[in-house]
Amino acid sequence: MNRHTLFGGAYALAFFAFLFGPLVIMATTAFNSSRFPRVAPWECFTTGWFGELFGNARLMEGLMNSVIIGVGVVALAVPIGLAGALALSELPAKLRSMLYTVLILPILIPGVVLGISTIVLWGQITRGTGAGFLYNGYFLTIVGQITFVSAYAMLVFIARLQRFDATQTEAALDLGATPGQAFRKILLPFMAPAIGSAAFITLLASFENYNTTVFTVLSESTFTTALASKVRHGTDPSLSALAVIIITLTLVGALTNEAYQRRKEAEAGGRASRSPLYANPVTRALTHPGIVFAILVTVIGGITYAGSQYDSSVCEAAVLQEKLDRQEELRAEQRERIEAQEAEQGVTVPKPDSAFGGAFGGVGTPAAPAAPKPESPSAFGGAFGGITAPEVDE
Amino acid sequence: MPDQTPDRSVLLDHVSIRFGNFTAVDNANLKINSGEFFSFLGPSGCGKTTMLRCISGFSEPTEGKVLIGGKDMAGVGPNKRPTALIFQHLALFPLMTVAENIAFPLEVRGVSKKERRKKADELLEMIALPGIGDKKPGELSGGQKQRVAIARALAVEPDILLLDEPLSALDLKLRQHMRTELRAIQKQVGVTFIYITHDQGEALTMSDRVAVMSRGVIEQVGEPDRIYNRPRSAFVASFVGENNALQGVIKGQSGDLAALETPMGTFEARVGGGRKYKAGDAALLFVRPEQLIPGATENAFHATLTRQEFEGAANHVFAKAGDSELRISMVNAGLAGSLPGQGESLSLGFAPMNGTILPVGHMASDS
Amino acid sequence: MKQLKLAYTSLLAKHGMGAALFVAISVTLWVVVFITLPQLSMLDYSFRFNLPADQIGTEADHYTLEQYHSFFFNSDGSFNALDITILIRTLIAALIVTMIDVLICYPIAYILAHGAKGVAARLMVIGLIIPYWINEILRAFAFRVLFGSTGVVNTWGMQMGLWDAPVDFIRADVALYCGLAYAYILLMVFPMYNAIEALDHTQVEAARDMGAPLWRVHWRVVLPMAKPGIVSGATMVFMLTAGALAAPQILGGPSSLWFTQLIYQWFNESSNWPRGSAYAVVLLVTCISFVLLMMRVFKVSVGEIGK
Ligand SMILES: Nc1ncnc2c1ncn2[C@@H]1O[C@H](COP(=O)(O)OP(=O)(O)O)[C@@H](O)[C@H]1O
Ligand SMILES: [Mg+2]
């Protein structure tokens with residue numbers, strides 16, 4: 001039995017290493033001054049990439065658009081999802097499973113198909129009616145995303161609705177409420193927590209979506225599509241900085257939520273209520289979700305301030321100098337060798353080798369000065385990338 | 001109490017309720033009087049809740065009519081009927097406080113907040129739970145919830161209060177206490193109570209009249225003692241209280257009495273429901289355990305004692321006669337008395353008026 | 001239709017006019033305008049020529065099979081092996097990714113349902129969800145950082161002497177497979193977990209008690225229970241992987257396109273919408289038939305999905 005527990009624990013550790021390893025490494029690269037996101041070689045600790053991130057006009061504009069679209073999607077997808085859940089709860093079994101299949105399908109249909117079908121339909125409508133105002137990136141993206149985002153909301157509502165005791169509505173009717181009153185005063189308040197989580201999930205889904213949005217957004221861009229085009233056209237650690245921000249927000253949210261859940265459980269009674277953490281007034285206050293949140297925000301605020309004051313320019317200058325020196329050295333070496341070769345057999349132009357191609361990802365090898373194969377490809381490729389990496393778009 | 005009490009009667013006029021081919025209530029035809037405490041008693045699944053939902057307006061009868069206070073209720077929704085229903089699981093609103101729960105009927109009628117609170121406090125006073133208005137239902141005990149549900153239903157000022165097995169979730173002691181309390185509340189407010197239960201103790205102790213139901217059919221309506229002493233069908237005889245049943249053949253009938261031949265001998269007993277039998281008809285004879293008297297001379301027979309169950313006030317003795325086992329209830333006479341021992345032969349008998357002859361039909365143990 | 005009307009009346013009686021209208025209108029809008037019409041419109045478009053705007057609606061604008069024809073055949077009449085290969089490769093790759101996810105998620109789902117308790121279980125659930133909150137693009141980016149030629153994998157691999165020149169993981173599609181498998185782990189774990197959790201743990205203990213080795217317990221007791229969850233998760237992972245666009249664009253090698261990228265090119269680079277629509281229809285039909293086939297094989301209904 002023990003052997004199995006051990007194996008299970010080891011497996012879980014490996015699994016979560018796979019889940020978090022890439023994120024941790026990516027986050028770490030946000031603090032390395034190297035122009036290419038990497039951990040090794042470590043050049044200088046820097047917070048400059050955060051500044052670079054906020055200075056990216058296209059991303060920031062996309063962020064704005066994402067917020068507008070997200071609000072629109074939440075405002076429509078949440079009620080539609082609720083309506084779907086309510087409709088399913090009233091239908092006889094056979095029709096219910098049919099409607100369920102239809103409504104859940106948009107989650108499974110490839111996002112590109114949803115995006116394409118949306119622009120094709122509204123393109124035709126626009127052509128047919130001349131209602132050109134409909135054919136814009138905001139409207140189409142909201143419409144396209146609603147198609148499947150509503151299904152997420154619906155799943156949340158179905159789960160909540162399953163726990164609703166239908167006699168509550170009957171009791172309200174029996175006590176003289178009109179059906180409308182019973183709906184507003186009994187069912188809606190019961191659904192309220194689910195409305196909150198559905199709104200959150202739909203907002204996240206809208207914000208994150210790429211496959212559909214990249215078609216429907218037309219010439220505009222959302223945060224995610226701007227991000228994607230940035231990644232496709234060349235990477236730099238300001239994206240890692242963004243990841244750091246998102247991971248931090250996520251952790252703050254998760255921890256606050258955890259504190260809230262624990263407290264709720266403790267208040268509902270049970271084992272947690274007898275925990276010494278809740279008996280002592282100091283620790284009890286400290287575990288209040290509000291306090292937890294405040295502490296986290298304060299700590300992060302402090303770190304952010306300290307980070308913004310940190311100046312890595314001296315170190316960076318030193319590293320740059322070192323690189324220039326090294327490059328100079330290599331050039332000198334190269335010159336010597338070429339001279340030696342020329343002296344022997346005329347001219348050769350060495351080709352950039354695949355190591356560089358890798359360093360620049362799928363971007364394609366930039367017009368780089370020809371260089372000979374160095375003794376240590378890794379160090380060289382890195383140093384090279386650090387200096388002459390292509391300017392990322394804008 | 002106003003001089004002119006409103007008409008709080010309920011008339012079920014040949015009501016049948018069907019779900020597809022299944023008949024849940026079969027031709028119920030009876031009148032519940034104004035101000036009466038009326039119970040529907042029957043095993044679970046016999047259609048009691050269905051009947052109640054039909055009276056309160058959650059469903060319409062497939063056939064027949066429901067009249068409340070003399071008015072036909074067809075097409076009148078549950079929120080428009082002068083009824084209030086206490087649900088089997090109470091259906092208190094968990095997100096509202098107790099006071100908000102109780103005042104909900106007033107809230108939906110647009111009564112001001114202050115007045116609502118006043119009325120809620122009054123009702124809490126009445127159910128002897130003052131000061132719990134600001135708690136949530138989740139913080140109350142079972143008995144408290146029960147009473148809050150009653151207060152909430154009474155806030156509607158209904159003519160008819162419908163109660164669907166409201167005590168079934170409580171423990172025994174509380175259940176017995178609540179019986180008295182319910183009865184007292186009913187007397188106080190003068191509202192017609194229609195009470196549903198599968199527990200005959202509840203039905204017999206609280207009610208003015210009881211309707212016994214089985215398989216959607218109302219088998220008998222009457223005062224508790226009549227239901228117990230004068231059952232009109234094999235089902236009622238076997239469902240209400242303990243009973244011994246003997247199968248036999250009618251030898252003859254004269255007036256209220258008939259002679260029935262059984263494997264244990266021929267017995268003379270009262271004919272249930274004033275029916276007429278011919279010689280040779282198959283019939284059942286029911287005799288209550290406490291009415292089988294050792295040493296009685298009328299309808300005497302011999303039985304062999306097989307086992308005993310001691311219950312305090314009474315002793316349940318089981319004896320074999322012919323091929324049937326009989327149950328005999330003997331009062332515990334204390335140390336002064338003496339009980340027969342195992343394997344002993346007993347002479348038993350019963351008064352003809354205490355035996356009931358009924359036509360063969362399904363029994364409580366069948367359903 | 002009659003049943004729809006019945007459901008509407010029951011809604012009306014229960015929740016009132018406002019709610020019933022709200023439900024009826026919203027659901028109709030969703031089903032008709034958001035789900036059905038766009039698909040029909042795309043289907044219609046895929047049977048048309050790619051015409052300049054001023055010719056649409058004229059004589060020249062009639063139905064044609066040319067878009068589908070050009071998926072199967074080149075203009076010279078030879079088999080369009082390029083595009084068909086891309087489709088097949090996409091499906092196979094999606095299948096591989098799905099299987100990888102089934103394999104790595106099953107133990108975790110089991111541990112979560114029957115091994116981990118209290119704090120550990122909660123931490124695991126949070127740990128599973130958190131990566132899912134990070135933008136899809138950034139998750140793909142993380143794998144690019146990881147597998148780049150100066151990425152951690154290459155650096156460590158070379159430091160440990162496993163290989164001595166940087167391996168191009170991107171070109172070899174390793175980064176892509178890892179990134180895709182990573183992206184949809186959550187969608188695999190939770191349906192599996194829900195299914196396995198329903199299993200009474202004493203059954204596992206009873207089977208162990210009778211001397212069954214662990215693998216047999218899983219094969220005979222746990223797996224049958226987990227099956228609907230596995231199929232539900234696998235369907236979602238397969239569909240999302242086959243329909244993925246961001247990860248292939250970011251992590252895909254320059255030589256191997258994903259089918260969605262092909263569609264993207266027809267739309268955004270060649271501006272040939274009818275062709276793009278036809279390819280989208282091909283993708284949709286292939287994926288759905290494939291999933292339906294799998295469901296038939298494993299005897300699971302669509303209703304299980306999303307639970
Ligand atoms: N909505 C319904 N559809 C079909 N059958 C029902 C419905 N409601 C109740 N029944 C059936 O009617 C019978 C009586 O149910 P009910 O009135 O709840 O019994 P009771 O309250 O006496 O226990 C049961 O067999 C039950 O299955
Ligand atoms: Mg009932």
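Ligand 1 in this predicted model is surrounded by residues of chain B: B:Phe19, B:Phe22, B:Ala24, B:Ser44, B:Gly45, B:Cys46, B:Gly47, B:Lys48, B:Thr49 and B:Thr50. Divided by class, this shell has 4 nonpolar, 5 polar and 1 charged residues. Several of the surrounding residues also place polar atoms close to oxygen atoms of the ligand. A polar backbone atom of B:Gly45 is 2.6 Å from an oxygen atom of ligand 1, and a backbone N or O atom of B:Lys48 lies 2.9 Å from an oxygen atom of ligand 1. For B:Thr49 the polar atom belongs to the side chain, and the distance to an oxygen atom of the ligand is 2.5 Å. The protein buries 56% of the 560 Å² that ligand 1 exposes when taken alone. Strand E2 (22-32) and helix H1 of chain B are the elements that give two or more residues to the shell; H1(B) gives the most, with 3 residues.

The interface has 2 salt bridges. B:Arg53 forms a salt bridge with A:Glu170, with the closest N and O atoms 2.7 Å apart. Between chain B and chain A, 8 residue pairs are in polar contact, counting pairs with both residues at pLDDT 80 or more.

The remaining interface to follow is that of chain C with chain A. It takes 94 residues from chain C and 105 residues from chain A. About 8900 Å² is buried between the two chains, 75% of it on carbon and sulfur atoms. The interface of chain C and chain A has 1 salt bridge, and A:Glu208 forms a salt bridge with C:Arg139, the closest N and O atoms being 3.6 Å apart. There are 13 residue pairs in polar contact between chain C and chain A, again with both residues at pLDDT 80 or more. Helix H1 (residues 2-46) of chain C provides the largest share of the chain C side, 27 residues. By class, the chain C side divides into 64 nonpolar, 21 polar and 9 charged residues.

Key
Residues numbered from 1 in each chain as written. Chains lettered and ligands numbered in written order. Predicted model: local features only at pLDDT ≥ 70, side-chain atom pairs only at ≥ 80, totals over all residues. Heavy atoms only, no water. Salt bridge = Lys/Arg side-chain N within 4 Å of Asp/Glu carboxyl O. Polar contact = N/O pair within 3.5 Å; in protein donor to acceptor, adjacent residues only side chain to side chain. Near = heavy atom within 4 Å. Areas by Shrake-Rupley, 256 points an atom, 1.4 Å probe, with all protein chains shown as cover. Helix = DSSP H or I, 4+ residues; strand = E, 2+ residues; numbered from the N terminus. Nonpolar A, V, L, I, M, F, W, Y, C, P; charged D, E, K, R; others polar. Contact = heavy atoms within 4.5 Å. Buried area = accessible area lost by both parts, 1.4 Å probe.
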